[in-house]
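Please look at the sequence and the structure below before reading on. The paragraphs that follow go through it place by place.

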Amino acid sequence: MYETRVLSGMRPTGALHLGHYHGVLKNWVRLQAEYPCLFFVADWHALTTDYERPGDVPKNAREMVVDWLAAGVDPNQATLFVQSQVPEHAELHLLLSMIAPLGWLERVPTWKDQQEKLADRDLSTYGFLGYPLLQAADILIYRARYVPVGEDQVPHIEFTREIARRFNHLYGREPGFEEKAKAAVKRMGSKKARLFNELRRKFLEAGDAEARARAHALLAEQQNLSRGDRERLYGWLEGGGRRILVEPEALLTEAARLPGLDGQKMSKSYGNAIELREPADSVAKKIRTMPTDPARVKRNDPGNPERCPVWELHKVYSDEARRAWVREGCTSAGIGCLECKQPLVEAVLAELAPIRERAQAYLDDPTLVRNVLADGCERARELAAETMRDVREAMGLGYD
Ligand code: TRP
Ligand code: SF4
């Protein structure tokens, strides 16, 4: 029952580009085969900065989801949904707001950074300060263990861990916790109980992380523990109360990031992006007009790949033999820049062809995406409801 869930979200930006594909979507496709995954459109998060001009949020959301599907995210493996269609996120956000210290929120670096970066908007709002808390609710409501995100999101995951810890500390301390935990250990059978206690001692006395991991594995394979007992033991293991919310970990994408056409980070707002569903002639033109090493003014001026954004693309798309060809041809002026770019045009078009083809099916029949999201929302709400029952009860709101 205690599966290792993966969850990630993206704000609805409309059509995605190759940077998203290499930096995020390929990773999601890998993960969906290994773990139960939840991927969602963070449309409320978009409102925290764009509340004055939200635009057509549903249209942007669906267009982005078409790109997820086109990139190979599979609704039969992963659960795809829209944040605002699972209102339980808002309820958890509200309940967590009772225990979220203002100082913690003010110290999250993105709060000040973004206010400076987006100086044309008024971000001195309650919603924007609460951005990381809403994100914490997104993650904690599914008891997700891993959250694939970029480096910039690490402070938000750290914040989420602190909120989960604080919640468990405040509400995991039921009366008679220790006795209940000890009784639960006994229920594991004498051999496993001894091993569990031994691992717990090693972790609590010496901080042995491996002992903790082995104890987690032991708990995960226990068939005969109730959910309540299991949560008690996860908390007991760490010297705390019952674990109601699970502390997540960031899963940093290691895949080489794909730079934009000018060598900077690829981004729609920098005008240096290739969209996933961009027509082939436009893709070819963009690559052919990419800037190159400024030293190569004339065809027979030698160049240096290290000073050329085209070389960054060869690092992603070309094998060693072709890279040797580029290095040799560039530094000796043996090849021209257009010649150097041609294999990249072909490689990018080959990569985009199946994506465009898959997207077409969804563009031809918009009900497909609506259905994928409706099914995903239903499934997400079931999972969210389970956590909310425990949360309400822990906070003294268990009516019935
Ligand atoms: N803040 C994330 C971003 O800007 C989007 C997001 C919202 C998210 N909720 C999340 C990511 C939960 C991971 C998990 O990229
Ligand atoms: Fe860049 Fe290739 Fe031209 Fe060298 S030959 S400057 S690597 S495009």
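Ligand 2 sits in the largest cavity. The model is a predicted one, and the values given here are computed from it. Which residues are around ligand 2? They are Thr292, Asp293, Arg296, Cys308, Val310, Val326, Cys330, Cys337 and Cys340. Sorted by class, this shell has 6 nonpolar, 1 polar and 2 charged residues. Two helices, α16 (320-331) and α17 (337-364), each supply at least two residues of the shell around ligand 2.

The loop between these two helices, α16 and α17, holds alanine 333. Its phi is near 60°, which is a positive value in a residue other than glycine. Most residues other than glycine have a negative phi. Is alanine 333 buried or exposed? Its relative accessibility is 12%, so alanine 333 counts as buried, the limit for buried being under 20%.

Arginine 143 lies between α8 (131-140) and β4 (146-149), in the loop that joins them. Arginine 143 is not a glycine, yet it has a positive phi of about 50°. Arginine 143 counts as buried because its relative accessibility is 6%.

By class, the lining of the second largest pocket has 8 nonpolar, 8 polar and 12 charged residues.

Which helices each supply at least two residues of the lining of the second largest pocket? They are α9 (154-171), α12 (209-220) and α13 (227-237). Of the elements that contribute, α12 gives the most to this lining, with 6 residues. The lining can also be described by domain. Domain 1 (2-172 + 366-394) and domain 2 (177-237) each give at least three residues to the lining of the second largest pocket. Domain 1 is written as two stretches of the chain, 2-172 and 366-394.

To go over the main places again, ligand 2 is in the largest cavity, and the second largest pocket draws its lining from domain 1 and domain 2, with at least three residues from each.

Terms used: Residues numbered from 1 in each chain as written. Chains lettered and ligands numbered in written order. Predicted model: local features only at pLDDT ≥ 70, side-chain atom pairs only at ≥ 80, totals over all residues. Heavy atoms only, no water. Near = heavy atom within 4 Å. 1 Å grid on protein atoms, 1.4 Å probe; cavity = no way out; pocket = protein on both sides within 12 Å on 5 of 7 lines; lining within 4 Å. Sits in = over half its atoms within 2 Å of the grid points. Helix = DSSP H or I, 4+ residues; strand = E, 2+ residues; numbered from the N terminus. Nonpolar A, V, L, I, M, F, W, Y, C, P; charged D, E, K, R; others polar. Domains from an automatic or database assignment. Buried < 20%, exposed > 50% of the residue type's maximum accessible area, 1.4 Å probe, protein only.
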